[in-house]
Amino acid sequence: MIEKVFLRCGKHMYSRNVLQQVQQFYNSPTTNIKIGTSINAGDPSFLGIQTSFSSELKFINKECYDSLPLFRILDSSKHVRLPEDFKLDEQTFIRMYRKMITLNIMDKILYESQRQGRISFYMTNTGEEYREAGVLLWRGHSIRDFMNQCYGNHKDTSKGRQMPVHYGSKKLNFVTISSPLTTQLPQAVGTAYAFKRSRKGVCVVCYFGEGAASEGDAHAAFNFAATLECPIVFVCRNNGYAISTPSLEQFKGDGIAARGPAYGIYTIRVDGNDILAMYYATRAARELCIMEGKPVLIEAMSYRIGHHSTSDDSTAYRSINEIDQWKHHTPIIRYRDYLESVGLWCEQREQELNKCVKNSVLLAFAKAEKELKPCWKELFTDIYHTMPKHIRKQMCSMEDHVTEFHKYYPLHLFKQT
Ligand SMILES: Cc1ncc(C[n+]2csc(CCOP(=O)(O)OP(=O)(O)O)c2C)c(N)n1
Ligand SMILES: [Mg+2]
């Protein structure tokens with residue numbers, strides 16, 4: 001039986017199974033912490049800490065603990081057993097695969113288009129198909145919407161003000177991706193706190209990389225979420241690199257997951273290359289988070305197969321060998337193997353899907369490329385409810401400039417109003 005293991009320091013545990021596992025973890029031969037030993041009767045207890053006295057002078061380190069386990073469903077066996085309460089219909093299983101393939105094909109086409117100078121920048125998701133763009137695709141963002149954003153044309157909801165891949169959708173409750181690392185974490189906790197106060201029974205899911213977890217904002221966010229008991233699921237994508245910095249140089253502890261219990265946050269480490277494990281853990285995390293009104297941390301272990309972005313050449317800091325090892329263990333390959341093993345997929349369906357998605361992407365791509373850019377005035381309008389004087393002044397001087405030098409600008413490519 002596969003169990004959901006969320007760890008949290010302190011007395012409240014999710015279920016008996018989890019309690020047993022946590023006790024085993026803390027009482028294991030390599031773990032020097034013993035739980036269940038009471039403080040001497042009569043001794044006052046320290047505020048917020050439940051522990052026992054020891055006469056042994058011992059400094060503890062990472063080596064004193066077992067590394068947190070990695071939850072997975074798709075193991076290498078031919079007969080994968082899904083947890084009893086997994087319950088997904090066939091269409092949903094297939095929809096998951098279709099979305100992953102769509103993202104993958106979109107990545108290939110947009111990456112190449114950046115190389116041809118047709119868009120300014122791109123970041124692929126290979127090996128991390130469950131990350132932000134995948135979530136947005138799953139929620140119903142259309143291929144057209146993605147293309148319009150990457151081109152920053154007048155149909156882009158952010159009106160060309162963001163770099164490509166900084167998607168957002170008010171309609172789908174997806175806060176626009178921002179480049180400055182980790183700013184989203186405290187903001188997400190603030191939103192979760194507002195949700196808590198509104199008693200709507202909803203939660204926030206916040207994605208970030210292991211590199212982003214080194215920012216001070218991450219620590220502030222974890223601590224606020226834990227102490228204010230905010231309904232938020234933190235999903236840390238530990239893909240081994242923060243651009244060129246390997247995670248080995250980013251932290252010395254047991255990854256990001258080990259920080260969870262230290263903050264008093266329910267935590268689970270998941271195999272990020274296993275889409276079913278990610279789905280099951282995220283669903284359970286959401287239930288736990290809403291049921292108890294508390295934060296949950298998921299560390300998704302993965303590997304960034306692509307370069308960090310089109311501004312990066314990762315072969316300058318990692319070996320081709322290393323990349324090749326992971327190429328055979330991607331979420332898509334592992335999931336396809338599973339679908340085939342249960343008779344839900346075959347080579348013919350694969351080819352049909354590839355052809356159909358490729359056509360849709362190319363069509364949306366060609367359309368987005370031809371659309372006009374937003375009117376340059378959008379740089380100034382639609383920011384403040386009432387335009388402040390200094391912004392109006394800048395807009396007027398830009399207008400004078402464009403009028404005087406119009407022949408030097410490709411104004412025909414921009415909307416006029
Ligand atoms: C505050 C800040 N510092 C530096 C950068 C430059 N930068 C952009 S992405 C990145 C690495 C992020 O790594 P990680 O959080 O692991 O996410 P990944 O790209 O691996 O998904 C860095 C350093 C930035 N955008 N913001
Ligand atoms: Mg990373």
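**Notebook: helix pairs and a ligand shell**

I began with one crossing: H5 and H6 cross in a left-handed way. A reminder to myself before going on: this is a predicted model.

**Entry on H5 and H6.** I looked up where these two helices run, and found H5 at residues 184–198 and H6 at residues 216–227. Their axes lie 8 Å apart, at an angle of about 15°. Because angles under 35 degrees count as roughly parallel, I noted H5 as roughly parallel to H6. Next I listed who meets whom. From H5 come Leu185, Pro186, Val189 and Ala192, and from H6 come Asp217, Ala218, Ala220, Ala221, Phe224 and Ala225. Sorted by class, this contact holds nine nonpolar residues, one charged residue and no polar ones.

**Entry on H2 and H11.** I then turned to H2, residues 90–115, and its packing with H11, residues 331–341. The angle here is about 150°, and the axes are 11 Å apart. Since angles over 145 degrees count as roughly antiparallel, I put H2 down as roughly antiparallel to H11. This crossing is left-handed. On the H2 side I found Phe93, Tyr97, Met100, Ile101 and Asn104, which meet Pro331, Ile332, Tyr335, Arg336 and Leu339 of H11. The class count for this contact is eight nonpolar, one polar and one charged.

**Entry on H2 and H12.** I stayed with H2 and checked its packing against H12, residues 347–370. I read an angle of about 45° and axes 10 Å apart, which makes H2 oblique to H12. The crossing of H2 and H12 is right-handed. Several H2 residues take part, among them Arg98, Ile101 and Ser113, and the H12 residues they meet include Leu353, Lys358 and Phe365. In total, I counted nine nonpolar, three polar and two charged residues in the contact of H2 with H12.

**Entry on ligand 1.** Which residues come nearest to ligand 1? I found 14 residues around the ligand, with Leu181, Gly209, Gly211, Ala212 and Ala242 nearest. The shell as a whole divides into six nonpolar, five polar and three charged residues.

**Entry on the annotation.** Last, I opened the UniProt record, an unreviewed entry, and saw that it annotates residues 98–374 as "domain: Dehydrogenase E1 component". Over that stretch I noted 48% helix and 10% strand. The C-alpha atoms at the two ends of residues 98–374 are 32 Å apart.

Terms used:
Residues are numbered from 1 along each chain as its sequence is written. Chains are lettered from A and ligands numbered from 1 in the order in which they are written. This is a predicted model: local features need pLDDT of at least 70, side-chain atom pairs count only at pLDDT 80 or more; totals for chains, interfaces and linings use all residues. Axes are lines fitted to C-alpha atoms, for helices over the stretch in contact, and angles run from 0 to 180 degrees between N-to-C directions. Helices (H or I, at least four residues) and strands (E, at least two) are DSSP runs, numbered from the N terminus. Angles under 35 degrees count as roughly parallel, over 145 as roughly antiparallel, 65 to 115 as roughly perpendicular and the rest as oblique. A crossing is left-handed if the near helix is turned anticlockwise from the far one by less than a right angle, and right-handed if clockwise. Two residues are in contact if their C-beta atoms, placed from the backbone, lie within 7 Å. Ala, Val, Leu, Ile, Met, Phe, Trp, Tyr, Cys and Pro count as nonpolar, Asp, Glu, Lys and Arg as charged, and the others, Gly among them, as polar. A residue is near a molecule or strand if its C-beta atom, placed from the backbone, lies within 6 Å of it. UniProt positions are given in the numbering used here, feature names are shortened, and annotations may be inferred rather than shown by experiment.
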